[in-house]
Amino acid sequence: MLNMIAGSVLPITAFIGVFFAFAATCILTSFLNDWLPRDMGREFAHNGKLSAGKPRGAGIIFISVFCIAALLFGEMSVEMFIYLVLVFVEMLTGFMDDAADEPWGEYKKGILDFLVAAVAALNYIHFNSTYVELATIGVKFYIPPVLFFILTIILVWAAINVTNCSDGVDGLSGTLTIITLVTIYVIDQIRGNETQFPYIILLFVVCILGYLWYNATPSRLMMGDAGSRAMGIFISLAVLKTGSPFLFLLVALILILDGGLGLVKVALLRFLKIHIFANTTMPLHDHVRKKIGWSNTQTVFRFAIIQIIISIATVYMILI
């Protein structure tokens, strides 16, 4: 918005925007956390009862700040505005679940995610080409719009849900999301992506950092579905805008393994009566804490280290 008034992108407004996003997230989180709903403790999560009584749903704060910062300091277009609306919708539905006396059912959330994913896919196809590049090997090919639409729905839906399932240890999903988004930002810079999205990624990252100021172990509050679901859809949109959506499999690999394997395990057992990973507690962050004995801090740092190594290798493959 400010860039539109000025008639061009000004470095000073971009600089101010980053600090505004971080400062506003920190200040509003400090003042508003007592108004958030309280966590009831997760019955099946490892040490889930320890979170009982903490404010949850803090995603409504840092995602709202992000949307405001993006509108004020980012370069807006119809496409970008629709993306912001979809991120806000995912946050809002997640917060309504966080605040509900009875958690929403899996099917209800799944259908809502599907609808949001479908709109995101249509929006992307309308404003962008359906040519896709395998960035690590430099191969580019065309995907028919109908097939691209289906694959994009799968990508967005998967990103929302694996990120949501990874939110179970103080600072874990936020830290992994930051690593994933910074990797995407670096890839955008390497490939000369001149769209408005790279700067929007930076605003999203600093908003998460503002939240992590209060969520680092031992946490004072939790993002809830309001934060994790919004982070998931934003990751999917960011990787789509690189023009290489299959990069999601590398830049978010730890999120996929941590949250995704549990989804696969439950789906196979529920629908096909196939029991896999019988001796593995899901999500994986619960397995390493309960079965291996990692502390919360060790879990966050070690998962983050593994993803950083994967991200560095991915960036190197794109460079050469």
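Student: What percentage of the 320 residues in the chain is buried?

Tutor: The model is predicted, so local features need pLDDT of at least 70 and side-chain atom pairs count only at pLDDT 80 or more, whereas totals for chains, interfaces and linings use all residues. Residues are numbered from 1 along each chain as its sequence is written, and side-chain values use heavy atoms, with hydrogens and water left out. Buried means under 20% relative accessible area, exposed over 50%, and partly exposed in between, with a 1.4 Å probe and protein chains only. By that rule the buried share of the 320 residues is 51%.

Student: What radius of gyration does the chain have, and why does it agree with a compact globule?

Tutor: The radius is taken over C-alpha atoms, and the globule rule is 2.2 Å times the number of residues to the power 0.38. The C-alpha trace spans about 50 × 45 × 35 Å along its principal axes. For 320 residues a compact globule would have a radius near 20 Å, and the chain agrees because its value is 19 Å.

Student: Among contacts between residues at least 6 apart in sequence, what percentage joins residues at least 24 apart?

Tutor: A contact means heavy atoms within 4.5 Å. Among the contacts in the chain between residues at least 6 apart, the share joining residues at least 24 apart is 74%.

Student: Where is Arg56 found, and is Arg56 buried or exposed?

Tutor: Helices (H or I, at least four residues) and strands (E, at least two) are DSSP runs numbered from the N terminus; the chain has 13 helices and two strands. Arg56 is found in the loop between α2 (11-32) and α3 (59-73). Because its relative accessible area is 16%, Arg56 is buried.

Student: Which residues are in contact with Arg56, leaving aside neighbours within four places in sequence?

Tutor: Arg220 is 164 residues from Arg56 in sequence, and the two C-alpha atoms are 9.4 Å apart in space. With neighbours within four places left aside, the contacts of Arg56 are Leu36, Pro37, Arg38, Asp39, Met40, Asp97, Asp98, Ala100 and Met222.

Student: Which residues does Asn33 touch, not counting those up to four places away in sequence?

Tutor: Asn33 is found in the loop between α2 and α3. With a relative accessible area of 9%, Asn33 is therefore buried. Not counting residues up to four places away, Asn33 touches Leu28, Arg38, Pro55, Arg220 and Leu221.

Student: Which peptide bond to Pro283 is cis, and where is the place of Pro283?

Tutor: The bond from Met282 to Pro283 is cis, with omega near -5°. Pro283 has its place in the loop between α11 (253-272) and α12 (284-292).

Student: Is Phe277 buried, partly exposed or exposed?

Tutor: Phe277 is found in the loop between α11 and α12. Its phi is near 50°, a positive value in a residue other than glycine. Because its relative accessibility is 35%, Phe277 counts as partly exposed.

Student: Against which helices do the buried residues of α13 pack?

Tutor: The expected span of a helix is 1.5 Å times one less than its number of residues. The 24 residues of α13 (296-319) should therefore span 34 Å, which agrees with end C-alpha atoms 35 Å apart. Buried residues of α13 include Thr299, Phe303, Gln307 and Ile310. The buried residues of α13 pack against α7 (172-190), α10 (248-251), α11 and α12.
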